[in-house]
Amino acid sequence: MKKNSWQSPTELLLNDSRKAFTSTMATVQVQTTALDQGLHNAAQLYFQHEYKQSIDICANLLRADRNNIKAHYLVGLNLLALGLSDDALFGFIKATEGSPKVPEYWDALGMAFQHQGKWVEALRAYQKANALAPAPWRESNVVWGMLHEPTKSARAVYRAQRDYASHWR
């Protein structure tokens, strides 16, 4: 008995939808693999101190996906390494907004604030990171950074300790 080749419009739509879905998923898989490889390459360049090349790769990744949190974070790390803490803040803020439960993003935000001498903001970011994944060195990072700013250290340490104490009351 020969199977009838006639298909209802609903069956045709379902078959077309399945084919389109399968094709789309294959494309997404290829794009995801390319994005992951791009992030990997950018991270390697960062660790090799090739900051500008790493930023270029991240910029391409962000053109493909503006919400790529890891690319924003990596751009921030590169900019911070280049001494551009004002610009680095944007990447770290995007990262903490997009993935607020990742302590490394809050650590990086704290470092950027610390480089700017914004001790209270730095301490808050480190406290947030510590709340997510306790690590005693986070608060000491702020104090260590302040002690290397002799003209600001006494006032900054006082403010950081005061804010830290009020946070734990």
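An angle over 145 degrees between two axes counts as roughly antiparallel, and one under 35 degrees as roughly parallel. What you see here is a predicted model.

First, the overall layout. The chain has 8 helices and 0 strands. Reading from the N terminus, the order of elements is α-α-α-α-α-α-α-α. There are 169 residues in the chain, and 37% of them are buried. If we take contacts between residues at least 6 apart in sequence, 46% join residues at least 24 apart.

Now the packing. Two packed helices are described by the angle between their axes and the distance between the axes. Start with α3 and α4. How do their axes cross, and within what distance do they come? The axes of α3 and α4 cross at roughly 155° and come within 7 Å. The cut-off is 145 degrees, and α3 and α4 are therefore roughly antiparallel to each other. The crossing of α3 with α4 is left-handed.

Who makes that contact? On the α3 side, the residues are Ile69, His72, Tyr73, Gly76, Leu77, Leu79 and Leu80. On the α4 side, they include Ser85, Phe90, Phe92 and Ala95. By class, the contact of α3 with α4 has 9 nonpolar, 5 polar and 2 charged residues.

The next pair is α4, residues 85–98, and α5, residues 103–116. Their axes are 9 Å apart, and the packing angle is about 155°. That makes α4 roughly antiparallel to α5. The crossing of α4 and α5 is left-handed. From α4, the contact takes in Ser85, Asp86, Leu89, Phe92, Ile93, Ala95 and Thr96. From α5, the residues include Tyr105, Trp106, Leu109 and Phe113. The class count for the contact of α4 with α5 is 10 nonpolar, 4 polar and 1 charged.

Next, the core. In soluble globular proteins, nonpolar side chains tend to be buried together. The largest nonpolar core in this model holds 30 residues. Which of them touch the most other members? They are Cys58, Ala71, Tyr73, Leu74, Leu77, Phe92 and Leu109. At least two residues of this core come from each of α1, α2, α3, α4, α5 and α6. The helix that gives the most is α3, with 8 residues.

Take Leu77 from that list. Setting aside neighbours within four places in sequence, Leu77 is in contact with Tyr46, Phe92 and Ala108.

Then there is Leu39, which sits in helix α1. Is Leu39 buried or exposed? Leu39 counts as buried because its relative accessibility is 14%, and the limit for buried is under 20%. Not counting residues up to four places away in sequence, Leu39 touches Leu61, Asn68, Lys70, Ala71 and Leu74. Leu39 and Leu74 are 35 residues apart along the chain, and their C-alpha atoms are separated by 8.3 Å.

Last, a loop residue. Most residues other than glycine have a negative phi. His49 is not a glycine, yet its phi is positive, about 65°. Where does His49 lie? His49 is in the loop between α1 and α2. With a relative accessible area of 56%, His49 is exposed.

That is the end of my part.

Terms used
Residues numbered from 1 in each chain as written. Predicted model: local features only at pLDDT ≥ 70, side-chain atom pairs only at ≥ 80, totals over all residues. Heavy atoms only, no water. Axes fitted to C-alpha atoms, helices over the stretch in contact; angles between N-to-C directions. Helix = DSSP H or I, 4+ residues; strand = E, 2+ residues; numbered from the N terminus. Parallel < 35°, antiparallel > 145°, perpendicular 65-115°, else oblique. Left-handed = near helix turned anticlockwise from the far one by under 90°. Contact = heavy atoms within 4.5 Å. Nonpolar A, V, L, I, M, F, W, Y, C, P; charged D, E, K, R; others polar. Core = buried A, V, L, I, M, F, W, Y, C linked by side-chain atoms within 4.5 Å. Buried < 20%, exposed > 50% of the residue type's maximum accessible area, 1.4 Å probe, protein only.
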